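Please look at the sequence and the model shown below before reading on.

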Amino acid sequence: MTLVAGGSAGAEATPQAVEQSLQRHSAPTGRLVERFERGLEAPICLTWELTYACNLACVHCLSSSGRRDPRELSTDECRALIDEFERMQIFYVNIGGGEPTVRSDFWELVEYATEHHVGVKFSTNGSRITTAVAERLASSEYVDVQISLDGATPAINDAVRGEGSFDTAVTAMGRLADAGFVGFKVSVVATRHNVGQLDGFKELADRYGAQLRLTRLRPAGRGAEVWDELHPTAEQQRELYDWLVVHGEQVLTGDSFFHLAGYGESLPGLNLCGAGRVVCLVDPVGDVYACPFAIHDEFLAGNVRGAGGFTDVWRRSDLFDELRRPQSAGACGSCGEYDACRGGCMAAKFFTGLPLDGPDPECVLGHGEEALERRGTSEAPRPSLDHSLHPRRRTGAAGRPGDPGDSRPGAAGHLGPVAVALLPRRPDRACDESPLAASGPGPVGPSAGTAGHRPH
Amino acid sequence: MPPTPPVAGSPAFDATRAWALHPQVSLRPESFGALAYHFGTRRLSFLKSRTLLAVVESLADQPSGYEACRAAGVAPTELEAYTRALAALADSGMICERAAS
């Protein structure tokens with residue numbers, strides 16, 4: 001019997017964030033994962049998008065950020081929410097946006113959180129990481145930083161994140177390294193254009209004493225518009241999987257890639273869709289969604305401004321209650337790989353217009369592609385919110401910003417009404433962005449050898 | 001700032017000595033047991049039984065690891081498993097030795 005999992009001193013003494021702790025339970029710790037599926041007293045990984053304001057306009061932004069929402073939580077409301085996180089013993093939050101550092105009270109809120117036993121990892125494009133800020137961050141024990149980068153070269157990165165964004169990110173990385181900040185994260189979304197650069201990303205991160213984090217491109221937010229064009233091809237998915245099999249222990253993934261488990265062995269992590277179970281998202285106006293990739297009314301559980309606050313939403317919302325019940329395999333029930341991939345990512349299916357109890361659009365057996373073809377001309381659901389600086393009418397389903405055409409097969413119904421039959425059942429696993437969804441090399445403790453889940 | 005890695009090659013766990021939860025560790029009870037989070041190392045551990053949670057919580061009041069197990073109701077046949085669990089927690093810095101009272 002293993003009584004303790006995760007957190008083992010493990011093989012390497014590298015700094016670990018919660019994500020890594022989770023990732024280190026990589027093995028089938030069956031019963032523990034089942035408990036997670038039924039929900040916890042509080043999330044393990046909570047993402048808090050502090051603002052929709054952003055000085056960049058990345059084409060795949062999950063939250064369609066750009067403009068600040070005037071209903072944004074005030075400083076006092078943010079502090080009250082942090083107090084609630086402390087009471088619920090949410091040890092760690094992932095702060096994002098938008099670009100969170102553009103909030104004038106950002107540093108004040110980070111300090112307030114860490115003073116109240118809520119550790120912070122924040123995601124940034126690096127534009128506000130001055131030398132002074134880097135030094136301050138390096139001296140804080142409870143703050144971790146994640147720099148977003150989507151190409152190992154300026155051309156690949158800037159095509160997605162905007163002109164000059166590669167230099168901005170690398171400058172920030174240099175300042176953090178110079179200040180002595182070891183082990184900050186470099187976070188990459190895997191796309192068709194950068195899958196060939198995985199070794200390059202790893203070298204870049206290593207050069208700055210950082211840790212690489214690789215996550216899946218989701219068709220959420222503005223990402224829904226570019227997904228057809230940017231998501232890795234089937235061959236690239238295999239390449240990505242093979243690379244992760246080799247490097248998975250040194251690279252964080254937020255449990256992003258459990259849909260690839262059908263290729264063979266599970267990647268390190270919980271291999272669990274954490275949506276509403278171990279993970280959730282609080283957006284800038286206090287809305288609580290099941291996961292960071294599901295900013296849509298369909299996955300909205302409540303708002304922290306409600307009478308019961310965040311606690312009540314987490315523990316009693318109808319949506320989360322439903323997500324914590326046993327889920328049906330649906331159309332995937334007869335597939336021999338279902339136990340490995342669990343039907344893939346709920347958000348990826350939703351935003352590509354596929355039934356939630358069927359295959360993931362990137363199903364490694366090709367069932368997702370078949371489902372997309374069967375879906376035909378009906379358009380996928382559009383994101384409910386858009387804070388883009390320059391909102392664009394969506395044409396068909398995908399297409400690069402600025403591309404007039406839509407090359408997606410079957411995308412004839414441009415501008416057609418959203419007519420997608422959503423099934424009530426949700427998949428067994430959601431994805432998580434969490435840093436915590438899984439952990440790694442083995443459980444600690446009596447009878448090691450059982451562990452193996454993988455979320456965040 | 002990056003968390004401090006635990007000291008490599010931690011000394012063997014000795015259940016006859018007095019132990020306590022590390023001051024930077026918080027325990028969050030859950031139906032399956034508890035989550036333990038170390039703010040210094042940012043490590044997260046899962047205690048997979050409520051009894052183990054009770055053992056860990058009683059460490060500070062008991063003269064030894066063994067006594068903490070007994071006080072929490074660990075049966076003699078389970079003592080080895082619980083001792084190994086404590087050793088794992090010691091190894092990851094979640095619990096630490098204290099001066100015997």
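In chain B, strand β3 (residues 33-38) and strand β4 (residues 44-47) run antiparallel and are joined by four bridges. Within this pair, Y37(B) has L44(B) of β4(B) opposite it. The model described here is a predicted one. Helix α1 of chain B, residues 50-58, packs on the sheet and touches β2, β3 and β4 of chain B. The direction of this helix makes about 45 degrees with that of β3(B).

The open sheet has four strands, in the order β1(A)-β4(B)-β3(B)-β2(B), and its pairing is antiparallel. The edges are formed by β1 (4-5) of chain A and β2 (25-30) of chain B; each has a single partner strand, so one side of each is left without a neighbour in the sheet. As background, strands of a sheet pair through backbone hydrogen bonds, in either a parallel or an antiparallel manner.

## The nine-strand sheet of chain A

Chain A contains an open sheet of nine strands with mixed pairing, in the order β8-β7-β6-β5-β4-β3-β9-β10-β11. Its edge strands are β8 (211-216) and β11 (300-303) of chain A, each of which pairs on one side only. On average, and with direction ignored, neighbouring strands of this sheet are turned by 25 degrees against each other.

Strand β10 (residues 287-289) of chain A runs antiparallel to β11(A), and three bridges join the two.

## One buried face of a helix

Which residues of helix α11 (residues 309-316) of chain A are buried? They are F310(A), V313(A) and W314(A). Seen down the axis of α11(A), these buried residues fall within an arc of 95 degrees, so they line one face of the helix. In general, an α-helix has 3.6 residues a turn, so residues three or four places apart point the same way.

The buried residues of α11(A) pack against several elements of chain A: α3 (75-87), β9 (279-282), β10, β11 and α12 (318-323).

## The largest nonpolar core

The largest nonpolar core has 145 residues. Those touching the most other members are V93(A), L176(A), V186(A), Y289(A), C291(A), A294(A) and A347(A). Helix α3 (residues 79-91) of chain B supplies the largest share of this core, seven residues.

Leaving aside residues up to four places away in sequence, V93(A) touches L46(A), W48(A), F85(A), A113(A), V118(A) and V120(A).

Definitions and conventions
Residues numbered from 1 in each chain as written. Chains lettered and ligands numbered in written order. Predicted model: local features only at pLDDT ≥ 70, side-chain atom pairs only at ≥ 80, totals over all residues. Pairing = 2+ DSSP bridges. Contact = placed C-beta atoms within 7 Å. Axes fitted to C-alpha atoms, helices over the stretch in contact; angles between N-to-C directions. Core = buried A, V, L, I, M, F, W, Y, C linked by C-beta atoms within 7 Å. Buried ≥ 20, exposed ≤ 12 C-beta atoms within 10 Å, placed from the backbone. Arc of directions from axis to C-beta.
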